[in-house]
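I wanted to go through the salt bridges here, pair by pair. My notes are below.

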Amino acid sequence: MNPVWDMLGTLSSSFDPVYEMRDGLPAFKMFIHSLWVDSSGGRTFDVDTPIDDSVIARVPESSAADAEAAIDAALAGYRAMQSVAGVDRIELLDRARQLLLARREDFVRVLMAEAGKPRKDAEGEVQATADRLHLAAQESRELFGEFIPGEWAKDTRGRAAIVARVPLGVIAAICPFNYPLFIAAAKAIPALLAGNSVVLKPASDTPLSMLLFARVLEEAGLPSGAFNVVTGHGADVGETLAASPKVAMVSFTGSSEVGEAIARGAGIKKLHLELGGKGMAIVLDDADLDLAAEKCLEGSLKNAGQRCDAISAVLVMESVADRLVERLAERIAEWRHGDPRQDGVRVGPLINRWAAARVKGLIDDAVRNGATLVHGGASHGCYVEPTILDQVPLEAKVAFEETFGPVVTVIRIKDEGEALEISKMSKYGLDSCVFTNDYRRVWRIARDLRVGELTVNDHPRHGVGYFPFGGSKASGIGREGIGYSVDEMTELKTIVFNLEE
């Protein structure tokens, strides 16, 4: 058996339907219409672990026909969901939460293996998913609708209306690799709560944890066809899901380039797109530099920098830049990197060798353009050392490209006006943050900065979505979060009553 899979241990017997051992490797199946199935053509692809590049599992390489079968199953599942009362949906999701927590260790091990997460990060993702299931009860209040009396306008006297929030139908969820359990679950939970059905495509790098989650929902009692998981690569599966006229909405998290392609091919349907980001931390001359250094490191290095809400550039005023960089250099040693199975490791590998080579290329390009390499800069395999780049010029690619790696990019600025000008040069507008003790300066920056979320004296973090988040400009359309996701995944239906005698 593969040494990584063997070290992480076998899964509990409740997951027996999800996979079987073939040639010494676990061969997973897809979940369509409450059946665990292989692809129609019998093809599979390997899932590698970034820990040591070894193959840890095989999953079905689904075709367009498999995606269509999942959509048809979801159409039947949508009809089945209409017979499930709202209170029963909440209870079903709570049962799923209990089952998830009972199998917590299975999910932690799989997240460590497929995504290369340190144990603490994997445990945090499982807990966040459980918390998201718990918060569905609170989110359900957004589905209540409203009553509008007609007496307040002359042309509606004698009439009244009920405005109801109703489900859309089949929702296609296309998910990224960086939080393969939580982000996918955060799309599925509000969709199911609202009475929709779901066809979900996990990232081909990290499909395993969502297949386990499908089993949890199955055990919790979800109606047949209400939740379906197809595995494969974007060209066949993602495009079929996005373009299908049977799909009422596409919810996608990933790169801006793929998001634009989905928008072009989707036709007339609702879209929620959370795309790329270039989170900028603006450090002003009155900031608490110890706090700023701590938060800039965490915001840049957490999950090896593979977060859409990561700090991707630190814009620091020249008068305090030397002191900030000194603090960054002193504290980066706390971010030990290496094999995520080892105790104390906080920065594991990137998702694959291509991603690591890309980040290494950004580092090298910055140095060629005049940046100072303060710390790190080396890479091997899927691993990139936590890196600090100082005095990064705007000509360097890393100044404006989304980094998605463990790099602290320091750009020195004269004042907050220059910070705003640099931010406006970015095509992205997802998250940013500002460090200052003057809230008048915060207000000026918040007013002029075009981002979906601005955090003050902390690094951006979406967490379980208790606060709404989403992008502006090339960072996407729509908002996610408790209540806000349900809004996106429903539509308004107005029912007008004639009450005249």
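Entry 1: I am working with a predicted model. I looked up the total first. The structure holds 36 salt bridges.

**Entry 2: Glu125 and Lys117.** I checked this pair next. Glu125 forms a salt bridge with Lys117. Their closest N and O atoms lie 3.2 Å apart. Are Glu125 and Lys117 buried or exposed? I found both Glu125 and Lys117 buried.

**Entry 3: Asp365 and Arg368.** I then turned to a helix. Asp365 forms a salt bridge with Arg368, and I noted 3.9 Å between the closest N and O atoms. Where do these two residues sit? Both are in helix α13, which spans residues 353-368. They are 3 residues apart there, so about one helical turn separates Asp365 from Arg368. I looked up accessibility for each partner. Asp365 has 10% relative accessibility, so it counts as buried. Arg368 has 64%, so it counts as exposed. The cut-offs I applied are under 20% for buried and over 50% for exposed.

**Entry 4: Asp438 and Arg440.** I looked at another pair. Asp438 forms a salt bridge with Arg440. The closest N and O atoms are 3.3 Å apart. Why does Arg440 count as exposed? Its relative accessibility is 61%, and the cut-off for exposed is over 50%.

**Entry 5: a network.** Last, I looked for linked salt bridges. Which residues are linked in a network? I listed Asp285, Asp286 and Glu416, together with Arg441 and Arg444. Salt bridges link these residues in a network.

Key
Residues numbered from 1 in each chain as written. Predicted model: local features only at pLDDT ≥ 70, side-chain atom pairs only at ≥ 80, totals over all residues. Heavy atoms only, no water. Salt bridge = Lys/Arg side-chain N within 4 Å of Asp/Glu carboxyl O. Buried < 20%, exposed > 50% of the residue type's maximum accessible area, 1.4 Å probe, protein only. Helix = DSSP H or I, 4+ residues; strand = E, 2+ residues; numbered from the N terminus.
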